[in-house]
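Student: Could you walk me through this one? I'm new to it.

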Amino acid sequence: MLPDLSTELTARLRGAFRNAGYDADGVVGALGPQAHAALGRGEPEAARRAARDAGPLGTLIRLFLLGDAEDPADVAGALAGLDVEQALEAQVLRPCGDRLRAGLDIRPYGDEDGSWWVVADLDADQRGGPVPADHVLGVGHASISLARATSRRPVGALLDLGTGCGVQALHASRHAERITATDVSERALRLARATFRLNEVDVELRRGEWFAPLRNRRFDQVVCNPPFVVGPPRVDYVYRDSGLAGDDASALVVRQLPAFLAEGGVGQLLASWLHRRGEDWADRVSGWLPGNVDAWFVQRDVADPALYVGTWLRDAGVDPRSDEGRAKAGAWLDWFAENDVEGVGFGFVTLRRTDAAHPDVVCEDLRHAYDDPLGPESAAWLDRVRWLREHDDDELLATRFTVPGSVVLEEVSAPADEGWAAVVRRLHRTDGPGWQHELDETAARLLAGMRGVLPLRDLVALLAYAEGLDADALAGAALPVVRELVRHGMVAPA
């Protein structure tokens, strides 16, 4: 059993880390950008060389980030103020012959406002073999993706459902007044508590499955990185497997989360969904919803079943070529085949509790590359769908619109008898998720007039006159296009 890392021990660790400069900026500064990037790619040698002459900071980098065995005197010097025997007893360190290794993964992790330390279990590479069933994952691609996709507007009460090592709650401390974090795993809660103590972040911790510890509670925001791996109903690893079949874990969270939101509250989570033969994925996920939520499902990737299985086996440190790997892969792929699974979708879900008679539910593919975080966009998307719901067609026609400066019109032309003829007109938003919409020539001309001066009705009338078109028919055709462009932030009320 992992002992609780006491307030005294974490305070001494914090002091040692600060004295050594063991934070996000300090590590990059010691290693240099190239060696730091190589470390992120799983290529540690350049970082090991850079850390040789970095003093106590170099010792901590080799100990906690590279998994090296270090001289006890060097470790004691780097952790000045913390008794080594106490660190061994707390499993922060572990003996390795006459040297010391890290017993836990304790690494700096930061955002644009500063740096934290995250306490988690050693991964498969650090352990030198597969992780145990109760393994607590550290900072990974999934947790970073969810953090980037989460709205950061100020809220009162926030829930981190399935906190793991506490990454989402750390981010929440920037914008939430009160934070509650839950997990089914006692080990995860102990490591999360250590993370919060180390960073002096106040979080209420509760243990239990899913929403069971939260009866009669309401939150302004809920974030969740659930065990969303899909496949047979089993639990090999608590951090990724729910024990529910297929995508039932994601469905459970989407279905139950709105009941724990205050009116207008927002829930955001990572989720996976099956692509089954003869079934549209959008129909599948929208069928999970209760009737009182706006919902935005964003599909970021669709994985082939064989690739999906191999990826998750390696993630846990299991060689797909080993007897264990072949047996697990075979059972997994058999389940996919028996359930007509052609692919596994993955993405983000944003939910908002609403009393609207007709909530908005939108399912979109967003598989192209983009740089901006999705969090600000998810908040703005909710604002835009509310505005659209509050404005009927007559009010929309009375609105003056502008085209933001981040939106450009791209044209592809082909040779024609009289020069060049446009074959594709594509409106492209150059910020946010980089939405694109193809337009015809008439729509492009309509948008060209959106300068915040004339209402949409007048622009339609002028264009209809110039083109010799019926104004009412043109308005009827323009309204759904304008609504879609408003939803994607490509046209905005002046």
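Student: Which residue is the bridge partner of Leu161 in S8?
Tutor: Quick note before we start: this is a predicted model, where local features need pLDDT of at least 70, side-chain atom pairs count only at pLDDT 80 or more, and totals for chains, interfaces and linings use all residues. Residues are numbered from 1 along each chain as its sequence is written, and side-chain values use heavy atoms, leaving out hydrogens and water. Strands here are DSSP runs of E with at least two residues, helices runs of H or I with at least four, numbered from the N terminus, and two strands pair if DSSP finds at least two bridges between them. S5 (residues 155-161) and S8 (residues 219-224) pair in the parallel sense over 4 bridges, and in S8 the partner of Leu161 is Cys224.

Student: What is the strand order of the open sheet of 8 strands?
Tutor: Pairing in this sheet is mixed. S7 (204-207) and S12 (361-365) each have a single partner strand, so they stand at the edges.

Student: Are the rings of Phe211 and Phe260 stacked or edge-to-face?
Tutor: Rings of Phe, Tyr and Trp (its six-membered ring) pair if their centres lie within 6.5 Å; planes under 30 degrees apart count as stacked, over 60 as edge-to-face and the rest as tilted. Phe211 sits in the loop between S7 and S8, and Phe260 in the loop between H12 and S9. Their centres are 4.6 Å apart and their planes at 10°, so the pair is stacked.
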